[in-house]
Amino acid sequence: MAKSKLYQRASEEITAGHYEEAKRLFLKNEEELGTAAETLSLLQQADNLLTKGEIVPAAQLYEQVLDRNPSLVGVYLGLTRIALFNGQMEAAKIHAQAAARMGPNNGLAWTLLGIIEEAEGNPKEALQYLEKGVELAPSVFLCQYNYGRVLVTAGGVSMGIAALIEATKLEPRNRDAFLMLGNAYKEAKQYEKAIRSFEAARDIDPKNVETWATLIDLLFEGKEFKAAQGLADAALGNCGDHPALLEKALAAAMMRSDSTAAMAYVERELKVVPQHEQGWINLANLALLNKDFDKSENAARELLRRNPKSWEAWYHLGNLYDVVPGREKEAEEAYRNSINLAPDNWKPLTNLAGMLIQLNAKEKNAEAVTLLEKAIPLAPKGEWRAHYNLALAHTKLGDRNKALEIVRALQKEAPKNDPIFAEARKLESNLLEAQKKA
């Protein structure tokens, strides 16, 4: 459709950078055509659609409005938000700059420019724009929220908290604002206020797993494990058996040494995610802890059915059979299978060696030495069991001097509060006593 001469004049004023004059002429043109009210109605409809998340029809209406009157700030704000949603950063920047030109006193325009600068990795420029946005529009939620959010990220936690508090006042039913405020309080180590903020977010959306999980983590950090487990149970009641919540419930139960409850959480988790290998290992270990040997074995076997190359499942079976009378051969076989699958892991090497030391067979005792000499450099710093077992192996082979050398070195290196220190001292005493009697 051909544009009026007044419309063409207004367009020329935009090109020349005379934005106020352009806005006056576009408005005059619409008044003469009698379309001003309809254009504003279309803009409102587009805004409503965008609020509902109906992006495509909103974009179509904004384009209609833009064709009618390209001097309206609102149309550029809407198009900027749509471009941001679609990840079209170049288009977003063009629209946001147009909004700032047409409405230099519109705070949201500057806030959107700040969000774009943040996304492009320019935090200093982003904060400048966001600060201007909140100065111009202190009563606009998006301005306060994004200013506070970026301030916290940039290290201005106290000022960020103030802005986020204002954001929660502007939209007291906005979950994201309370979540962000809670995270800001957490960073400031104001844990009670953080908990209150996360509780507000939870009450707004009691089905949101992330909010419950964050609250549980806060209680965990404060070592309030009983409260954390209780909260996890409440979360599971609201959100169902979500794996992340079951993991947190399991962790809390383990910290409380509540192995029965822990096992129940794992069994629930495996019904939801049966492919979770660590879950089967957890169930096997917990069942062993509860002396439910059948369940422990079945869990490890189920993992091997799902993944025959699981060294951890064979390692667990080795540990299980090692404590069950009469199953020593099965334990040895399981440990060897584990070593074959994970030859550079110190755990099965150490445990197989520990079992071989107990046997009255010199070749097995000698093999224990070989296994332990391989395990020691693989063990993490501060892990002394392999060293102690090596001393035991030399003792069994009758090499007391070598055994004494190892336990004495161990006592120099291991901290005195480590349980292995006391064991090493006792072994040294026994070796010296044996030398006297020899």
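**Exercise 1. Work out how helices α10 and α11 sit against each other in this predicted model, starting from the handedness of their crossing.**

*Solution.* 
Step 1: Start with the crossing. Where α10 and α11 cross, the handedness is left-handed.

Step 2: Find the two helices and their geometry. Helix α10 covers residues 157-170 and helix α11 covers residues 175-187; they pack at an angle of about 155°, and their axes are 9 Å apart.

Step 3: Angles over 145 degrees count as roughly antiparallel, so α10 is roughly antiparallel to α11.

**Exercise 2. Which residues of α10 and α11 meet, and how do they divide by class?**

*Solution.* 
Step 1: Look at the α10 side. Val 157, Ile 161, Leu 164, Ile 165 and Thr 168 make the contact from there.

Step 2: Now go over to α11. Its partners are Ala 177, Phe 178, Met 180, Leu 181, Ala 184, Tyr 185 and Glu 187.

Step 3: Sort both sides together. You get ten nonpolar residues, one polar and one charged.

**Exercise 3. Describe the largest pocket: its space, its lining and the elements behind that lining.**

*Solution.* 
Step 1: Begin with the space. The largest pocket holds about 370 Å³.

Step 2: Check who lines it. There are 14 lining residues, and those closest to the pocket's centre are Asp 47, Leu 50, Thr 51, Leu 77 and Arg 81.

Step 3: Trace the lining back to elements. Two or more residues come from each of α3 (36-51), α4 (55-68) and α5 (73-85). The top contributor is α5, with six residues.

Step 4: Sort the lining by class. It splits into seven nonpolar, five polar and two charged residues.

Key: Residues are numbered from 1 along each chain as its sequence is written. This is a predicted model: local features need pLDDT of at least 70, side-chain atom pairs count only at pLDDT 80 or more; totals for chains, interfaces and linings use all residues. Side-chain values use heavy atoms; hydrogens and water are left out. On a 1 Å grid over the protein atoms alone, a cavity is a set of points where a 1.4 Å probe fits but cannot get out, and a pocket is an open set with protein on both sides within 12 Å along at least five of seven lines; lining residues have an atom within 4 Å of a point. Grid points are joined across faces, edges and corners, and a volume is the space filled by probe spheres set on the points. Helices (H or I, at least four residues) and strands (E, at least two) are DSSP runs, numbered from the N terminus. Ala, Val, Leu, Ile, Met, Phe, Trp, Tyr, Cys and Pro count as nonpolar, Asp, Glu, Lys and Arg as charged, and the others, Gly among them, as polar. Axes are lines fitted to C-alpha atoms, for helices over the stretch in contact, and angles run from 0 to 180 degrees between N-to-C directions. Angles under 35 degrees count as roughly parallel, over 145 as roughly antiparallel, 65 to 115 as roughly perpendicular and the rest as oblique. A crossing is left-handed if the near helix is turned anticlockwise from the far one by less than a right angle, and right-handed if clockwise. Contact means heavy atoms within 4.5 Å.
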